[in-house]
Amino acid sequence: MDNIKQYVQENKERFINELIDLLKIPSVSADSAYAQDVVDTAEAVKKSLEKAGCDFVELCETPGYPIVYGEKIIDKNLPTVLVYGHYDVQPPDPMDLWTSPPFEPVIKPTEIHPEGAIFARGACDDKGQMYMHVKAFEYMIQNNCLPCNVKFMIEGEEEVGSKSLSWFVERNQAKLANDVILISDTGMISNQQPSITTGLRGLSYVEVEVTGPNRDLHSGLYGGAVANPINILAKMIASLHDENNHITIPGFYDKVQELSLEERAEMAKAPFSLENYKKALDIEDIHGEAGYVTNERNSIRPTLDVNGIWGGYTGEGAKTVIASKAFAKISMRLVPNQDWEEITELFKKHFESIAPKSVKVKVTPHHGGQGYVTPIDSIGYRAANKAYTETFDVPAIPVRSGGSIPIVALFEKELKSKTILMGFGLDSDAIHSPNEHFGVFNYLKGIETIPLFYKYFTEMTK
Ligand code: BES
Ligand code: MN
Ligand code: MN
């Protein structure tokens with residue numbers, strides 16, 4: 001694998017152009033207006049796997065969007081790496097904040113990516129990171145150095161809860177049998193300091209509806225005399241945190257795994273600048289649960305956040321009205337051992353119990369998933385660390401991430417295998433935000449590093 005650097009240099013224009021073609025298809029899974037584009041993207045991913053050298057590739061039909069499955073089995077006695085990724089993307093809105101259209105990729109330099117970054121929805125999350133695996137595989141085929149078996153499983157519903165993938169995994173354990181699962185759908189500390197994600201948070205996502213009077217009312221004639229569902233909802237939401245920013249839902253913290261002081265001291269060694277953090281977000285001060293620092297608040301602690309809130313009149317000008325209904329979408333990020341279904345139930349019970357008699361409350365669960373943690377002494381972790389050390393000249397640091405990939409816990413349950421999260425994105429890449437981008441450096445470095453994982457994982461497994 002000595003010539004991987006050279007292979008990347010010789011082919012980088014083509015690697016970038018192929019990714020750009022994939023990014024042009026707006027595969028937004030949340031919005032049915034894009035349904036055909038999502039399917040077209042699956043087709044494009046299938047073709048890319050065939051071209052890269054898979055022996056067998058298929059689109060597996062599901063109740064939802066198809067799953068692209070591909071494989072190259074060279075010897076049943078050798079280990080098998082299962083690569084997972086997703087070809088769907090988040091909705092691009094708010095559109096007016098993009099400096100270039102989200103599905104017309106362009107390469108522009110940024111402060112952090114002076115060599116250029118590809119700007120497009122899905123550039124980092126996850127088309128760019130997923131496609132690194134296709135190109136790394138292409139290299140190993142072209143150079144006759146694929147050391148083990150590979151299976152690819154690329155889904156189209158990750159951004160909306162992976163329902164069809166759960167359905168698929170439960171029905172295809174034998175087909176998906178593997179020795180390790182490899183995913184690039186997370187980040188790293190910086191381009192100078194690689195990290196390996198050792199934990200993901202779980203998630204419970206709910207929608208709430210508060211109903212007051214049976215119709216919208218004149219706010220002069222009725223204001224002050226009947227409950228305003230928006231006022232009530234705001235108050236109920238505010239009461240979900242106390243003055244220390246602890247969540248007030250009874251039982252919410254019961255199963256939370258507390259980290260030892262040693263573990264927290266270890267975490268604190270990861271480089272972090274509070275000043276830069278505030279500057280990057282243009283905020284005067286940070287916020288969070290008392291007793292924990294920023295890097296803990298966004299990884300090892302559970303949270304509750306309103307993701308959207310609406311009701312009443314929001315159009316131009318003023319309309320004097322008391323709305324009949326108010327709504328909010330709320331997510332709770334969970335940590336290992338917290339069960340997402342149990343937490344959803346606790347939320348529902350509590351939210352209903354704090355509603356005054358003057359309104360009716362409905363809580364509808366959306367989706368969720370369990371958190372995940374993985375040890376750093378596994379073969380997979382050590383192989384990944386060795387690969388990073390070789391391409392970045394420094395060892396990777398283990399980091400627990402605040403994001404969620406709920407399917408990872410399901411993989412462990414159904415396929416009995418550990419997942420290694422080799423992410424190459426940066427927090428500043430603006431995933432899920434306007435102007436999402438992925439550094440050209442990161443994209444090429446990923447393609448360079450992945451084959452080394454295969455090599456060391458196979459060597460260490462023997
Ligand atoms: N790739 C992200 C998750 C992620 C990003 C983890 C960065 C760690 C670091 C994934 O596509 C995502 O957005 N997941 C959702 C959950 C899903 C159920 C919608 C999330 O975390 O909000
Ligand atoms: Mn993702
Ligand atoms: Mn995402």
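Under the criteria applied, four donors are tetrahedral if all angles lie between 85 and 135 degrees; four are square planar and six octahedral if opposite donors are over 155 degrees apart and all others between 65 and 115; anything else is irregular.

The manganese ion (ligand 3) is coordinated at 2.1 to 2.5 Å by Asp125 (OD), Glu159 (OE), Glu159 (OE) and His432 (NE2). Its donor residues are spaced D-x33-E-x272-H in sequence. Here too the arrangement is irregular, because the six donor atoms subtend angles of 56 to 154 degrees. Asp125 bridges the two manganese ions (ligand 2 and ligand 3), which lie 3.6 Å apart.

The domain assignment, which is automatic or taken from a database, divides the chain into domain 1 (4-200 + 372-461) and domain 2 (202-256 + 302-369). Ten residues from domain 1 and seven residues from domain 2 take part in the contact, defined as heavy atoms within 4.5 Å. The C-alpha centres of the two domains are 35 Å apart.

Domain 1 and domain 2 bury about 550 Å² between them, 55% of it on carbon and sulfur atoms; this buried area is the accessible area (1.4 Å probe) lost by the two parts on being put together, summed over both. On the side of domain 1 that touches domain 2, five residues are nonpolar, four polar and one charged.

Residues are numbered from 1 along each chain as its sequence is written, with chains lettered from A and ligands numbered from 1 in the order in which they are written. Local features of this predicted model need pLDDT of at least 70, side-chain atom pairs count only at pLDDT 80 or more, and totals for chains, interfaces and linings use all residues, while side-chain values use heavy atoms, leaving out hydrogens and water.

Terms used: Nonpolar A, V, L, I, M, F, W, Y, C, P; charged D, E, K, R; others polar. Donors = N, O, S within 2.8 Å, 3.2 Å for Na, K, Ca; no water.
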